[in-house]
Amino acid sequence: MSVTYIDAIHQAQLELLREDKTVFLYGQDIGDFGGAFKATKGFKEEFGPRVLDAPISEDAMIGMAVGAAINGMRPIVEMQFADFSSVAFNQLVNQAGTHYYRTGIPIPITVRMPCGGTPGSGPFHSQMVESIYAHYPGLVVVTPATVSDAYQLLKESVQLDDPVIFCEHKFLYRWLKSASIKGDGLPLGKARLTRAGKHATVVTYSAMVHEAVRAADRLAEEGWEIEVVDLRSVKPLDIDTVLASVARTGRLLALGEGFPWGGVTAEVVSRVVAEGFHLLDAPPLRLNAKDTPIPYHPDLWAAHRPTPESIVEKLRELLNL
Amino acid sequence: MLTARTLENKLSSLYKGGKIVGGVYLGTGQEALSASLGASLIKGRDCFSPLIRDQAGRTAFGEDMLDATRTHLGSARGPMRGRDGNIHRGRPHQGMPAMISHLGTAVSVISGMLIAKRMKGELDGIVGATSIGDGATSTGSFHEGLNMAAVENLPLVVVIADNQFAYSTPRNRQFACESLLERAVGYGVGGVEVDGTDLKATLAGMQQAVTSARQGFGPQLVVARLLRLCGHGEHDDASYVPQELRDSLMGRDCLEVGASQIIEDGLATAEDIEIWRKEAVEEVQEAVATAQRERGPDPYEEDWRATSVEGMQ
């Protein structure tokens with residue numbers, strides 16, 4: 001019996017709803033329909049008024065969640081696609097993100113963001129949003145790559161008193177399976193060493209963890225041992241684990257599926273350079289998606305984001321520096 | 001109304017004297033509307049998200065005047081502790097969220113506060129309210145919020161001060177309908193239009209709307225026609241307001257109208273009002289002096305943390 005990434009998200013929400021009466025769900029088509037990705041299937045039946053269908057009003061969805069959180073609730077908002085959170089950007093960064101600092105009152109909301117590319121999804125159903133939200137103060141940004149992290153980090157996110165942007169990767173929803181939903185219990189805020197190595201470190205997160213591992217497998221055939229660090233959350237960013245890895249390997253590739261200007265990979269490189277320059281044997285490199293909107297055609301899409309091939313190529317460049 | 005006017009006049013002087021940094025935004029000419037709302041709500045039960053011209057409503061709802069003077073003067077002891085200023089203040093756990101500058105956003109926040117009460121079984125007899133200007137009705141946030149509140153049939157009162165100008169932009173550059181009350185039909189909510197310069201009429205209309213919401217008839221829109229008798233902020237001389245508009249009935253001062261109505265109805269005498277005025281001046285002086293004696297925030301003691309849980313930044 002195996003559990004998928006989306007099963008893990010479903011199960012985490014089910015337990016949260018059962019364990020805590022202040023938890024409720026708000027989002028488009030999440031009621032009787034069970035959500036666009038079926039992450040809330042069956043919940044309306046069991047939890048009734050705590051599973052609320054929202055109008056197509058992302059701004060109001062987040063504003064409503066903030067108000068409910070002020071009055072003691074722990075809303076989970078499902079953005080149907082992370083891309084549409086741009087409509088709620090203001091409420092997220094200016095209302096939710098500033099609230100604790102301004103008033104001293106924390107806002108325990110979790111916004112589930114189905115993000116990342118799948119073939120054929122095109123420019124408006126494929127985007128990564130972690131970098132833009134991590135840029136703003138007051139928001140925690142979580143990016144699980146594994147089934148057990150999807151389960152455990154979602155539970156931790158909802159239990160956290162601060163607003164969380166929970167970036168769940170759509171490509172992993174049904175493709176990624178695991179024998180168990182329980183993981184190693186590593187808490188939110190800690191990065192994980194996914195694969196040990198000694199020649200170079202790939203720091204990445206979300207679906208790119210799996211692409212990095214594939215690239216590492218290929219290079220292993222030639223004797224290269226590539227270490228892969230899964231950030232798990234990009235804010236907080238566990239720079240200690242990253243630096244410890246770079247201390248072992250001396251080489252860094254920061255890998256992400258987001259657009260190349262700025263963002264998480266730039267942040268990782270800048271922190272490693274500033275805090276661990278002496279650990280580096282070569283200039284650190286970055287690999288991101290291309291600086292265009294995300295294309296529709298599967299062939300274009302597959303070449304737009306980093307692939308095992310492009311990661312291998314980049315790692316060769318790094319190893320030869 | 002009188003207390004708010006007195007306080008705001010003082011805040012204006014302090015701003016012009018360089019004692020208040022940032023900006024000062026007043027509700028001059030809108031006190032009857034704002035006070036009617038604040039007075040129709042019950043502190044400790046209802047929720048109220050004031051906007052920038054709501055000093056009178058804040059006072060009527062029971063906000064401590066020290067919250068106003070401390071926030072304007074940057075005292076570390078104010079509710080915002082120097083982290084935010086002027087009208088961007090509140091006490092969310094006492095039913096008064098602290099507004100952000102982005103207009104229209106409070107409609108959904110107040111709705112969320114009501115939904116939380118509904119989920120906890122505490123909504124019975126409760127009302128949530130927020131104010132907005134005519135310009136803010138052009139925002140997507142206003143539309144999304146009011147539409148969502150209507151779908152949820154929430155006991156929400158949204159008060160629109162149609163004060164003819166959003167900063168300098170006249171209302172005919174904001175919307176094409178004759179009256180914003182027409183929008184109530186579109187949203188499927190109740191609505192009432194009042195002459196915002198007429199205290200008695202405004203209070204009656206407001207109480208009707210608040211009562212309807214409280215009795216479970218869903219969101220209510222209150223549209224008040226009036227004229228802002230000050231600039232957008234105290235940096236603005238409002239020279240864009242035509243003289244004929246200032247001289248029209250819409251340009252009359254609701255405070256004067258209200259005073260004569262109170263006297264006519266035998267609720268108070270002119271002498272009473274004069275006593276209230278003196279009391280208001282004393283109260284304002286005390287609140288300003290207290291805030292001025294207090295220290296501002298110390299950058300070296302500031303924790304510079306935007307999350308409540310340590311280690312999350």
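Domain bounds here come from an automatic or database domain assignment. This is a predicted model, in which local features need pLDDT of at least 70, side-chain atom pairs count only at pLDDT 80 or more, and totals for chains, interfaces and linings use all residues. Residues are numbered from 1 along each chain as its sequence is written, chains are lettered from A and ligands numbered from 1 in the order in which they are written, and side-chain values use heavy atoms, with hydrogens and water left out.

**View 1. The two domains of chain A.** Domain 1 of chain A brings 31 residues to the contact and domain 2 of chain A brings 25 (contact: heavy atoms within 4.5 Å). About 2,200 Å² is buried between these domains, 59% of it from carbon and sulfur atoms. Buried area is the accessible area (1.4 Å probe) that two parts lose on being put together, summed over both. On the domain 1 side, A:Met128, A:Thr143 and A:Ala145 lose the most area to domain 2 of chain A, together 21% of what that side buries. The rule finds 2 salt bridges across this interface (a side-chain nitrogen of Lys or Arg within 4 Å of a carboxyl oxygen of Asp or Glu). A:Asp149 also forms a salt bridge with A:Arg192, with the closest N and O atoms 2.8 Å apart.

**View 2. The largest pocket, between the domains of chain A.** Domain 1 (3-178) and domain 2 (192-319) of chain A both give residues to the lining of the largest pocket, so this pocket lies between them. A pocket is an open set of points on a 1 Å grid over the protein atoms alone, with protein on both sides within 12 Å along at least five of seven lines; lining residues have an atom within 4 Å of a point. The largest pocket holds about 550 Å³ of space. Its lining counts 26 residues, and the closest to its centre are A:Glu130, A:Ser131, A:Ile132, A:Gly263 and A:Val264. Volume means the space filled by probe spheres set on the points, which are joined across faces, edges and corners. Helix H5 (130-135), strand S12 (233-235) and helix H10 (263-276) of chain A each supply at least two lining residues. Helices (H or I, at least four residues) and strands (E, at least two) are DSSP runs, numbered from the N terminus. H5(A) gives the largest share, 6 residues. By class, the lining has 12 nonpolar, 9 polar and 5 charged residues. Ala, Val, Leu, Ile, Met, Phe, Trp, Tyr, Cys and Pro count as nonpolar, Asp, Glu, Lys and Arg as charged, and the others, Gly among them, as polar.

**View 3. The second largest pocket.** Its volume is about 420 Å³. Of its 28 lining residues, the closest to the centre are B:Leu51, B:Ile52, B:Arg53, B:Leu103 and B:Gly133. Helix H2 (31-40) and strands S2 (128-133), S3 (156-162) and S4 (165-166) of chain B each supply at least two residues of the lining. The lining divides into 15 nonpolar, 9 polar and 4 charged residues.

**View 4. The cavities.** The structure holds 4 cavities of 30 Å³ or more. In a cavity, a 1.4 Å probe fits but cannot get out. The largest cavity has about 110 Å³ of space. It is lined by 17 residues, with B:Ser49, B:Leu51, B:Met99, B:Thr105 and B:Ala106 closest to its centre. Helix H5 (105-119) and S2 of chain B each supply at least two lining residues, and H5(B) gives the most, with 4. The classes are 10 nonpolar, 7 polar and no charged residues. The second largest cavity has a volume of about 60 Å³. Residues lining this second cavity include A:Met128, A:Glu257, A:Trp301 and A:Arg305.

**View 5. The interface of chains A and B.** Here 43 residues of chain A are in contact with 41 residues of chain B. The two chains bury about 3,500 Å² between them, 62% of it on carbon and sulfur atoms. A:Asn71, A:Tyr101 and A:Arg102 lose the most area on the chain A side, together 23% of what that side buries. The count between the chains is 1 salt bridge. The side chains of A:Arg102 and B:Asp84 meet in a salt bridge (2.7 Å, N to O).

**View 6. Two backbone details in chain A.** The peptide bond from A:Lys235 to A:Pro236 is cis, with omega near 5°. A:Pro236 sits in the loop between S12 and helix H9 (239-249) of chain A. A:Asp29, a residue other than glycine, has a positive phi, near 65°. A:Asp29 lies in the loop between strand S2 (23-27) and helix H2 (43-47) of chain A.
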